[in-house]
Every structure is written in structure tokens, then in C-alpha cells.
Amino acid sequence: MNGWLFAIVQTLCVVFFAPFMAGLVKWMKCKLQNRQGPPPWQPYRNLLKLSRKQVVLADTASFVFRIAPYVVFSVTIVAVSVVPVISVQLPTAALADVIVLVGFLSLARFFLSLAGMDVGTSFGGMGSSREVTISSLAEPALLMAFFTLAMNASSTNVSTVIAHLSQGSLILYPSLIFSSLGLILVAIAETGRIPIDNPATHLELTMIHEAMILEYSGRHLALMEWAAMLKLTLYSLLIVNLIVPLGVALTLRPGDLLLGAVSVSCKLLLLALFLAVVETAQAKMRLFRAPQYLGLAFILSLLGMMSHIILEVR
Amino acid sequence: MLIATLSLPEQVVLMLAALILLSSFLMLAQVRLDSMINTFALQGLLLFFATLIMALISGKYQLLISAALTLFLKVFFIPNKLRGLVVRLDINREIESITNPSLIMLFAASLVLFSYYVALPIRALSLLATRNTIAISLAVVLIGMLMIISRRKAVTQVVGFMSMENGLFFAAVVATCGMPMVVELGIAFDVLVAAILFGVFFFHIRTEIGSLDTDRLNHLTEVEK
Amino acid sequence: MIALSLTLFFPLSGLFLFGFIGHWRSAGSINVAISICTFVTTLIIALDVFRYGPILSPGKFFYIDAFNVYLLLLNAFVGMTTAIFSGRYMAHEVAIGRVDDKRMRLYYAMYQGFLFTMLVALSTNNLGVLWVSIEGATLTTVLLVSLYRTPESIEAGWKYFIICGVGISQALFGTILVYFAAEKVVPGHDDGLLWTVLQDHAVKMDPGVMALAFVFLLVGYGTKVGLVPLHNWLPDAHSEGPTPMSAILSGLLLNVALYAIVRFKMLVDPALGTHLAGNLMMGFGMLSFSVAGLLLHRQYDVKRMFSYSSIEHMGLITFAFGIGGPLATFGALLHMIVHSLTKSAIFITVGHVAHIAGSQAINQIRGLLHTQPFVGWGFLIGTCAIAGLPPFGIFTSEFLLFTATIKSYPWLVPPLFIGLTVAFAGLFRNLQSMVFGEPPENQKQVAANMWPVVVHLGLVLWLGLAIPALLAQWLNQATIMIVGRGIL
């Protein structure tokens, strides 16, 4: 019972802090670029403002357009609930393994792209087609990276994998380097960050995610944006906890949990800084180079799998 | 053999093996000449560390000499010479287009699988914990070869050639803790001379052909034109 | 022992002498003198080995037995006659302005450097040093191939460098694998590559690793032998480099690379206990033999044509070593000698021919017998000899080879026969007009030194008519070493 309570509280925390994470990255980026920048809590204000505003629906919008924000948001929350944040003792982890996790994310993406096409504007359709193109290339790489980790732990369950990696003495897994690099590349592509997509612009030639939600307004838009921030946090959590499982609590004891919470916050902070630095240093690449970028991610994941087989097992 | 049963230095060697393979892939994907030379130097550095650790694990201190040679040749001398040449030939900003990069990368990945398959009988024999790295070093050799085949710039081909050499050296270090000293010295000398000769050749090619694209070296054919 | 040190000392001193002092007028004569000294010392070694058996140097660094000593002698001999030829030939090249003094310095230094690497490769006991010196041979000759600095010769040099470099790397991988296998059975870290040690332990080495190693070694050294499909460098390097270079590449380098393969085969066979190495060599040899025979028909450059003929003959020798019986091995060893002698004689003649016609293109060379009968006859007889016409030594060795094939692999006789006929036709389709045709107006005689050719072809004729008992005894000893049984 305690476990379930803990899982729910943990999920709610993540949902609540996700906008902060997104705002933090933006704030750090602005500071790095010598700009004033909005404070890290600005996304909360935006969400609040949007939720108060009236929803404007296009005449051609069907029910898909209206339910999509709710579906995307709730599916993302379910996905978040599966990922261990502070402790691996998560009863919700039994619900779904990495494959289902990827499935949740695809479900959200499916509704997102449907919504993009629903109204029938050219931008929405364009955004959806780009989103689907990129994710079709990113998903194999993502799964391959996950499988490498899963082979290490002999389980596809995220909690078990993290528990396996954090147990015992320090072991250097060569495969971990490759799969984490692949994972990071995929995560950047999937969350629509530079160099694949730029969340800060609405430049029609390059936008992907923003193009799909161009027709949304009011609370629908708020949910869509919140879901995007959640997705960023979800991937960040996966990356920090899988690559550096240091500090993740293996039990539900208060001391361990506190340590876990502190360590996970620190790791997320560092990751946000890393992301900000990368986004400052990199320019967005042409859309046509995205397949090459994702090809590299796939090769890395594949190398991870191969170095696991060649170097780590017999 | 599970990796967990190895000691920490051995794990580090395996990690370095994986990184050397990664650097080969990076070189294969790299289009800018200067970054490619830097990646090559990085590979040399990884090789140096691997040799150093192997020397300490195995207690064969003659490997330290090989390590020093590697540091001198692969990290400083050859990359610096290449950089100097590239600057003097004024091609340091040139970008080389790769035809079908994804295909080449996939091909390189399949070469890794192939090497694994080829090296299977060796794995069964060795007593060293690092035996599995033979497959990796063979893969580095083959990827170097792929680089020579798939690229058109003379400098890139030389980098590919030298990275093949790295793979061979790595194989010697991890499989057998280095070759006898006289052979090691001979190989190092050959590599040194080859590096100098390549430099001479760049100027000849440049003078005669007017470019360093080996595509333009196409006069000699089987039939009369 | 002293003779061996001197053998290696002479070319090495030549390398430094020419390298540091530079080119002067009598450099050609000095080059000849050094090569003659080298030949004389190898002759002494050869007699020693023949009388007292294999020599192992203290420190086990050099080892000379019946197999490598005759190649050592052959190398020094061809090196000497080619040096005699190259003095006047290169003087002519300087006179017509194709090369300058600086490059002549490079030429002579590298000529001796090349001989040095070849002699080290043959006399060393260490299989790693064998690799190092064969790679060294590439390095010394690569600038000679591009000596004329034309776009074509630069291309040929680059191709030679890259293809041979890549190929020979595979051989190093093979050598590492052999060492790896040896380390398990040989005591002492530094002895694992010594031929004399490996020979004793060959039976105990792991068959899987040795088989794999041999594949890499065959591909690697096979590149240097010019085996198809890694032969592309060979015609280019032969046709674009200076002619003396082609003579020693064909006469020496290919033999030494093949020698390396055979040495490893001698280790692999007892380790495996199967005929795998032989089968691989037969396959590659047959392939090279047939492909080169067909490509002979498409050539427009006379040096390219004869370099394809080299590929064909090397394929044949590889095939013969692959069959592996005493008769075939004896034939292969004999073929190595006669091919080296004949091919270097032909390249020397072709050098003069190219000077007479002012071109290497087959359709530019006409009526040699009219313009300069001595060269013309040399060309005609040399071509007859290399094609395997009866009174010459190549006929004898090919005959032995045929006999061995009929005995062991009768079904391979028809392709072998067809291949020989095709190659024969390829050589002769152009010969008629080049030798007998009407000479063009401006074709003039040149100062030619045909004595090396006369000596080489005379030796080949002698070997064709009667193999001297001494040589037969010698080759028999080598055959016993390689396959365990002799034919005498």
C-alpha cells in the first residue's frame, strides 16, 4: 500500500516539476547567451494563463482534435509513472516494461500527429509528416539501446535494469557507453530539441512539434505544452537513472529516499546545464540531415549491442 | 565469461577497446579533414592508454617501450605531420562528400559482426581475459580498409591506412602482449618511413594532378583510351 | 657468418653512400661494383650451405637453409645483372631529360635499399622481421615507381603504395595470429616468431588459429605476389616505373613474397594436418593464371603485357606449390628461377626496345630486327622462352608441373592447358609485327648493353637442356624441406 502511495506521489511530483525543468533549461540557455531570459518558473505562468483563456476551435475540427490533448497528456503521465525516479521499488513498474513504455510514447505521438492533420491546415499536416518520419527512424535506435541495457540485466523492466546497474561493485560496461550515447541522441530528437527541432521558434520552414499544435489554444494548448515538457523530463530521468544509477534508492526507507531525491535533482540539474550548453553551441541542422543524425544514433545503439555480445558475455 | 568477473584494469582495457572502435566509426563518418586528424590522434591516445594498462597488468615491461613509441608516433608525430601538410597544402577547411553515408556505416557495422564471427575460434583458445578484443581490433583494421575504399581524398586514405595500423598494433598488444621487441621496432620504423613518404607523395600528387582527389588518378586502365 | 654479414653490409653501405653523397658520374659503376660484391658473398654462403647444411647465426637472428639460399643467390645475381644494365639505361634517361641528378641519387640509393630489404627478408629467421623487410621493400620502391613524376607514374606509385600497404597489413595480422598460436606452445616470449623454433612446435599449434592466420597471410603476401584479385598495382607499377625497376620487381619481389607464403605453408600444414593451405593456394594460383592469361590479350603497352605475364607465371608457381607433391614443388622451385631470369632479361630488352621506338606502346614498336637485330633477336627469343617453348627452362618446369598435375589432379589439366594456350596466344599476337614489321622512318639504333640478356637467356637455355647435378641436388634438398620427400 505504501508503495502505491509513494508511486502516486512520485508521479505527481514529476508532473508538477516538469515545467520547471523546461523553464530551467531555457533560463540557463539565455544566461549562456548573455540574455536576460524569463525566470525558470515562467512556464507555470504560461500554463496558468492559457488554462484561463477561451478555447477557439476550427470549424473543421473533429472530436479527435478535442480529445487529443487529454489523451496525449494522460498517456504521458502513465508513461512517467512507470519510470523509477527516486526509488526502484515501484509497484507501477510491474505495469509496463521498456517496450510498453516506448509504446505509450508512440500512442501519444500517434494522437499528436492525428491532431496535427485533423484541422486540415497545411502546417499541421507538414508537422505531422515530419514528426512521424523522424520518430520512425528514432524508434529502432531507441529500442536497440534499451535492448542492450536489457540484455545486461536480463530483463526489460526499467526498474530491474536500474537496480541491476546500481548494484554491487563498479563495473565498466563498454556497451553502456554506446547505448547511452545512442539514447541521448534519440532523446534529443524525440523531445524536439536542437539540432533536430527548435522549441523556441515558429519558423514555418523548420518547425516540427510547434507546427502540429499550431491550431490549439486555451487549455488544450496548455495540456499539449505540458505534455511536451513532461516528455522532456521523462527522457531526462531515463538518461540520468540508466547511465548514472548512482544514488537511486533500492528500498523505500526514508533515508534512502531522501538521498535518492537529492541525487536525482542534482543529476537533472547537471543534465539541464548540459542540454543548455549543447543547444548554445550547436546550430539546428537542416531537416534533410536528420536521417543521418538518427542513422548515427542507430549505429551507436547497434555498436552497443555488438560490444555487449563481443566484449561482455561469452 | 562475464565482464563482472574481470578485474578493474581489464575492464578498463575492454572499455578502451570499445572506445577505439567508436573512434574508428567517428573517423569513417567525419567529413572535415582537421577533425578527422584529431580523431585519429585520439585513437592513438586510447591505444597508448590500452598499451600502458596491458603493460602494467601483464608485467611485461617491454610493452612500455611500445607504449612510448605509440605516444610519439600516433599521437604526436603523424597527426602533427598530417596537420602541417594539410595546412601547407591549404586544404584544412575542405569538406569531403561521402556518398551514401548510412550505407557505409551499416557496412562498417556488419564488418564488426564479421570480425566477431571470424575471431570465434581464437576466443576459445586464449587464456587472457582480454581475448575478445581481437575481434575489435580486426574490425578496426577492416574499417580502416573500408575508409580507404570509400573515400576519395588522399589525406583521408592515409588516415585510414594509419588507423589500420592502429588496429594491428592493438591486436598485437591485447592478444599477445606485444610482439618481440625487434619486430615492434621494425614495424614502428616502417610506419615512420611510410608517414614521411606519404607526405612526399601528397606534394607530388598535388603538383602533377592539381588536386588531392584520388578520383583524378584514373589514367591507367586496361584498355587504350 | 662473415659472408652473410658482408652480404647485408654491401647493399646497406650502398644505400648510405648514394643517399648521403648524392649522384656523381661514376655512380652507375659503383652500383655495379657493390652488386657484384654482394653476389660474390652470396655465392660463398651458397657453397657453405651446400657443403655444411643450414646456417643459424648466433642469436638466432639469421637462418639460411637450402630453400632460401638459392633464392638469395638468384636475387643477388639478378640484382647484379640489372645493375649492369641500369648504368647505361639510366644514363640515357638522364640524357633525354626524363630524370635529373637529384632523382638519380634517389634511384641508386633506393636500388641498393631494395636489394638490402630483399636479402634481409630471405635470410632472416624471424617471421616478424620477414614482414618488416617486405614492407620495407614497398617503401624503398614506391618512390622509384613514381620516379618520372608524370601523372601516370604518380598514379601508379600511389596505387602501389595503398594496395600493397593494405594488403601487407593483412599479412601482419596473420603474423600476429601465428605468434598468438605459438605463444601457447613455445617457451620464451621472444622466440615465438623464430622459424627454427616454430618448425619444431608446428604440430602442436592450434589448427583453428593457424588456418585463419594462413588466410590472412595468403591474402597479404599474395597482394605482393600479384595474385588476382589484388593484382591491380602490379601492371601499373611495372609499366610506369623505370625499366630496371620492373626487372627487379618481377625478378625478385614477387619471388620473395611467394617465399614468405610457402614458409608459412610449411608451418600451417603440420598444424592443420589437412590440405587446406594447398587448396587455397591452388585456387588463387589458378584464378590469377587464367585471368592474367586473358588480360594479356587486351594490352597496348609492352611493359604492361609482360607484367601480366608475370602475374600469370606467379599464379602458376603458387598453383604448383599448392599441389604440394615433391614433383610439383621441385617444378615450382625451378620455375621460380627460370621465370626470374627470363623475365628480368625480357624487361632489360624491353627497356632498350622502348628507347629505340621512343615509346612503350605496342603499336608504335615496329621492325626491331631491321633497326637493331641484336635487340630484336633478344626480344624474340626472350618472348619464346617466357611463353614456354621447348628448348628453354620454362618448358622444363612447366612440363614437370603438368606431370604432377596429371598425377594428382587430372581434372585440372584441361583448364591448365587452355590457360597456357591462351597466354601463349596473348604474347604472340603482337610479337610478329613488333619484331618483323616495317620499321618507321625515324627509328634509330641506341647504345644497348645486351650482355645481361645473353647471360640470362643462356642460363635458361642451359636449364632447359640439362639441369646441372649441383642445382638439381640443391633443389631436391629444398623440396625435401618443404614437402618432406625429394624426387631424386
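Figure 1. The contact, in which two residues count if their C-beta atoms, placed from the backbone, lie within 7 Å, takes 19 residues from chain A and 24 residues from chain B. On the side of chain A that touches chain B, at least two residues each are supplied by helix 7 (174–190) and helix 11 (290–312) of chain A, helices being DSSP runs of H or I with at least four residues, and strands runs of E with at least two, numbered from the N terminus. Helix 11 of chain A provides the largest share of this side, eleven residues. Residues are numbered from 1 along each chain as its sequence is written, and chains are lettered from A in the order in which they are written. Because the model is predicted, local features need pLDDT of at least 70 and side-chain atom pairs count only at pLDDT 80 or more, whereas totals for chains, interfaces and linings use all residues.

**Figure 2. Contact of chain C with chain B.** Here 40 residues come from chain C and 39 residues from chain B. Helix 5 (127–145), helix 6 (151–185) and helix 8 (207–225) of chain C are the elements that give two or more residues to the side of chain C that touches chain B, and helix 6 of chain C gives the most, with 18 residues.

**Figure 3. Fold of chain C.** Chain C contains 19 helices and two strands, and its C-alpha atoms fill a box of roughly 70 × 55 × 40 Å along the principal axes. Among contacts in chain C between residues at least 6 apart in sequence, 81% join residues at least 24 apart.
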